[in-house]
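Take the points in any order you like.

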Amino acid sequence: MSSEHLDLLRSLRNEKVDISLEQSLLRADALETRNSKARRTMLALGLLSAMTIAILVRTYMHTEPPSHDHSYVPSTSANARLADAHASVTVAKLATPHRTVAASAIKRRFTASMPSSFMPLPVVIASREVQQRLAIDINAIETILSIIGSGDRVVSADSAGKTETCLSITCAGGDLRNIVCTAPSPSPVRVTKADGELLYDVERVDGRRPSNALIAIRVSSSRGNILLWYDADSILLQKLPVDGYPSTILPVQSSWLQPDRTAVVDLSSGNSPWQNVSIHTADGKPIDAARQWVSHQDGTTELRISNVRTATYDVRITRKDGSMERFIYVVR
Amino acid sequence: MKIGLRDDPAFLEALSLHHDDLARFARSLTRSRDDAQDLVAETILKTLESWNSVRDPQAFRTYLFRTAHRVYMRQQLRRRLFHPWPKDLDIVASDPQPDVHTDASLVRAMLQRLPAQYRECLVMIDVLGWTPAEVVEIHGGTVGGLKARLLRAREALRKEAMRGQHE
């Protein structure tokens, strides 16, 4: 070791330490205070950001618009305006955005006064017998759910000789992804979650479109309950127990979806004017969707539901004479 | 509930035994008294967080200086990235030993020009009087490696001093 270096560093060794313990503790206290303030600020900012994100997600993810059930108190002025063109017209005006608060109050009142005579959607709970009759293969459905992508198509076809029913899953670009075959059976035209949210639609290879008369069969899967929607044709009805399918579903005469996601449905007006229309998910939860309806002279009523998403809705109608009807509306 | 600095007499007692060495370590490594105080304060807070696991007095000293080493390295990085060193050096305090202070300031300035790992081992061994084995406990590596680094550090310091003389 060189003494030259020791000499150099001796000044540091001999220097009186000018930082006392008390000074260090005071400094540490101040530092801790500053750190805890910074932590609190960060926490507050984090909470604020999380709340903002949650509000934004809640606002924009759910495609149903904010509330506008003004049909509860029909607008007489609107009635008067349209009465010139159509006899017996009832219009529910869309709410202006600034009236959202009032609308939510209406919703609560509406929910409380909702007649309990509306049973949950007449879903057939798939007993072992029903499952066997329809040859429902839960494993095949779960396989499809596990491989299907958002842009994929599922196409159903019977094999030659009808020895089995196969579902092919193709990518958005047209490439074949997979084929799942089951015993020959009616294919559901749509598979949804219990609340009606679309999991996948099944197209027929011959291009045949399903009618609007659908029957939902509820089955249990590893993802919880899911609904298999079958075309209510005679073949299917024969396979179900007599009381296993709904009989009070209102027939839809025509329906279409406008580019702005407004569903337009034509139905028979029936004997009594409509007093109220409520929209529900397939499992019965009410949705605050803007809707309006116009009764025409030809005995039909046009119902418009704004901003619908791809799902299956349970639409319930209350008439002025107290009778109630419903229909299932499938948005593709 | 978080323990306050002054709530644990045992911690204060253990700290008081090594505080002066810690302050000298910090003072030798940093350019200013203010930076040294920051280093000491942050080291104390970090050490208090793990106080329960280092109640053994010998382990406490090692842990205290290991923490100081980490805090110092982090401060160096932070300083390099966000706050470049100011041009002015530490102001020499009015002290009864002005010559010692002036020498110390010059040596500190020379130390600042050495790599951080040279600086630390010089301070720990030549200023605080630690053995190479004790320093290895903190920095890791081998005693042989440390001794080699110490030799290179001394040589580098000597060159710095010679350069200062020529300038």
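In chain B, the axes of helix α1 (residues 9–29) and helix α2 (residues 33–49) come within 10 Å and cross at roughly 145°. The crossing in which α1(B) passes α2(B) is right-handed. Please keep in mind that this is a predicted model.

**The α1(B)–α2(B) contact**

- On the side of α1(B), the contact is made by B:Phe11, B:Leu15, B:His19, B:Leu22, B:Ala23, B:Ala26 and B:Arg27.
- On the side of α2(B), the residues are B:Arg33, B:Ala36, B:Leu39, B:Val40, B:Thr43, B:Ile44, B:Thr47 and B:Leu48.

**The nonpolar cores**

- The largest nonpolar core has 53 residues, and within it B:Phe65 and B:Leu111 touch the most other members.
- Helix α1 of chain B gives the most to this core, contributing eight residues.
- Another core, of 26 residues, lies apart from it, and A:Val124, A:Val130, A:Ile136 and A:Val154 are among its members.
- As background, nonpolar side chains tend to be buried together in soluble globular proteins.

- You will find B:Asp38 in helix α2 of chain B.
- Is B:Asp38 buried or partly exposed? Its relative accessible area is 28%, so B:Asp38 counts as partly exposed.
- Setting aside neighbours within four places in sequence, B:Asp38 is in contact with A:Arg27 and B:Gln75.
- With A:Arg27, the link is a polar contact between the two side chains, at 3.0 Å.
- Within chain B, B:Asp38 and B:Val71 are 33 residues apart in sequence, while their C-alpha atoms are 9.7 Å apart in space.

**Two buried residues on strands of chain A**

- A:His280 belongs to strand β11 (residues 274–281) of chain A.
- Why does A:His280 count as buried? Its relative accessibility is 4%, and buried means under 20%.
- The side chain of A:His280 makes a polar contact of 3.0 Å with the side chain of A:Ser278.
- A:Asp314 sits in strand β15 (residues 312–319) of chain A.
- A:Asp314 counts as buried because its relative accessibility is 0%.
- The side chains of A:Asp314 and A:Arg316 are joined by a polar contact of 3.1 Å.

- Chain B has seven helices and zero strands, and its elements run α-α-α-α-α-α-α from the N terminus on.
- Chain A has seven helices and 16 strands.
- Of the 167 residues in chain B, 49% are buried.
- Of the 332 residues in chain A, 40% are buried.
- Among the contacts in chain B with a separation of 6 or more, 69% are between residues 24 or more positions apart.
- In chain A, 61% of the contacts between residues at least 6 apart in sequence join residues at least 24 apart.

Conventions
Residues numbered from 1 in each chain as written. Chains lettered and ligands numbered in written order. Predicted model: local features only at pLDDT ≥ 70, side-chain atom pairs only at ≥ 80, totals over all residues. Heavy atoms only, no water. Core = buried A, V, L, I, M, F, W, Y, C linked by side-chain atoms within 4.5 Å. Buried < 20%, exposed > 50% of the residue type's maximum accessible area, 1.4 Å probe, protein only. Helix = DSSP H or I, 4+ residues; strand = E, 2+ residues; numbered from the N terminus. Polar contact = N/O pair within 3.5 Å; in protein donor to acceptor, adjacent residues only side chain to side chain. Axes fitted to C-alpha atoms, helices over the stretch in contact; angles between N-to-C directions. Left-handed = near helix turned anticlockwise from the far one by under 90°. Contact = heavy atoms within 4.5 Å.
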